Structures are given as C-alpha cells and as structure tokens.
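Dear colleague,

I am handing over the structure we spoke about, together with a short account of what was found in it. Please look through the model first and then read the notes below.

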Amino acid sequence: MQPSRLSLLLTATLLLAPAFAAQAQRVVEGDLQQQMSTAEFKAAGLDKLSPDELAALNAWLQGKVRNATATALEQAREEGRQEVIVKNRGFFDFGSSEPIKATLVGEFTGFGKGRQYTLDNGQVWEQTDEARVSGVRKQAPGVRVSPGLMGVWYLQVDGVNTRAKVRRTK
C-alpha cells in the first residue's frame, strides 16, 4: 500500500520540527553583540547598557526564544497528532473551515483543560490544551472559534489575549 500525501507530510513535519527548533536555538545562543553588527548594536542604543544590564537582556531574550521554540514544536506535534486522530475517525470538520463568531452562554471565568464552553448557536466546545487564564470574569462575552492547521480549532474570548485549543463536542 502506498502512503498518502497527508501521511508523508505529517511524517516530514514531525521529523523536521526538532531540527528547526535546534537551528532557532543556535541563532540566539550568542549574545546580542555577536548577533548584530556594531552599527545595529549602537543604533538600538544597546551600547549604553552596563555589562550587567546587557547580560540580563541577553538572558531574557534567549529565554523568550527557547519558550517560543518549545511552544511551536509542541504545537506542531499536537496538530500532527490531532490530524491522525481526526483522520482515523473519518471526521474532518463540521461542514466549514470558516471562523465561528458567537457569544458564550453564561459567565466566562477563564481557561482550563477539560472545560466546556457552550455558545449561543448551540455548539459546545471542550478545551484540549493546557492554556490557562484565571481571575477573569466576563458575562456572555463574544468569542471566535478559528481553525488552525490540520483540523485544530482555537477559542478566543473578546478582551482576553490567550486562546485555547478546543474540539467540538456538540
């Protein structure tokens, strides 16, 4: 049996993601003075920082890149897993890949894995990732459920910067 184009693409994505993450990590391993030309460094005003301030900035930047790389890698892996699950069930979408704009029924008190969100259009979505937002209270906020790559959907609540990965249960 010949492998499908989708399975080849999925395999390539999962195999290449660690290589891309490693390359991104190498890009920021050096400090800003090594990454920028002397003119760029001076134009950014970084030459005015003390050695301690520059070291703190370098550490912060490297941490941000490490976190972003790890998040992107995990997202690529999860999207690949979701596509396999969806394909195995023979369930690709709910008739459309257009974003859904609706209103959340009741009060929104934050994100948490396993929580269910009922929309005013009758749809029910369950959070599948670890995204967290706490200390938020919004009565019947507007929401947008948008498709990602390979069958993954994301719930965004108006006025909240974090979005959660969800799957439709009803």
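**What was found**

Trp 125 stands opposite Arg 168 in E8. This is a predicted model, in which local features need pLDDT of at least 70 and side-chain atom pairs count only at pLDDT 80 or more, while totals for chains, interfaces and linings use all residues. Residues are numbered from 1 along each chain as its sequence is written, and side-chain values use heavy atoms, with hydrogens and water left out.

Strand E4 (residues 124-127) pairs with strand E8 (residues 163-168) in the antiparallel sense over three bridges, where pairing requires that DSSP finds at least two bridges between two strands. Both belong to an open sheet of six strands, with antiparallel pairing and the order E1-E6-E7-E8-E4-E3. Strand E1 (100-103) and strand E3 (116-118) stand at the edges with a single partner strand each, so one side of each is left without a neighbour in the sheet.

Along the sequence the chain follows the pattern α-α-α-α-β-β-β-β-β-β-β-β, that is, four helices and eight strands, taken as DSSP runs (H or I, at least four residues, for helices; E, at least two, for strands) and numbered from the N terminus.

Of the 170 residues of the chain, 31% count as buried, meaning under 20% relative accessible area with a 1.4 Å probe, protein chains only. Among contacts (heavy atoms within 4.5 Å) with a separation of 6 or more, 56% are between residues 24 or more positions apart.

Best regards

Methods:
Buried < 20%, exposed > 50% of the residue type's maximum accessible area, 1.4 Å probe, protein only.
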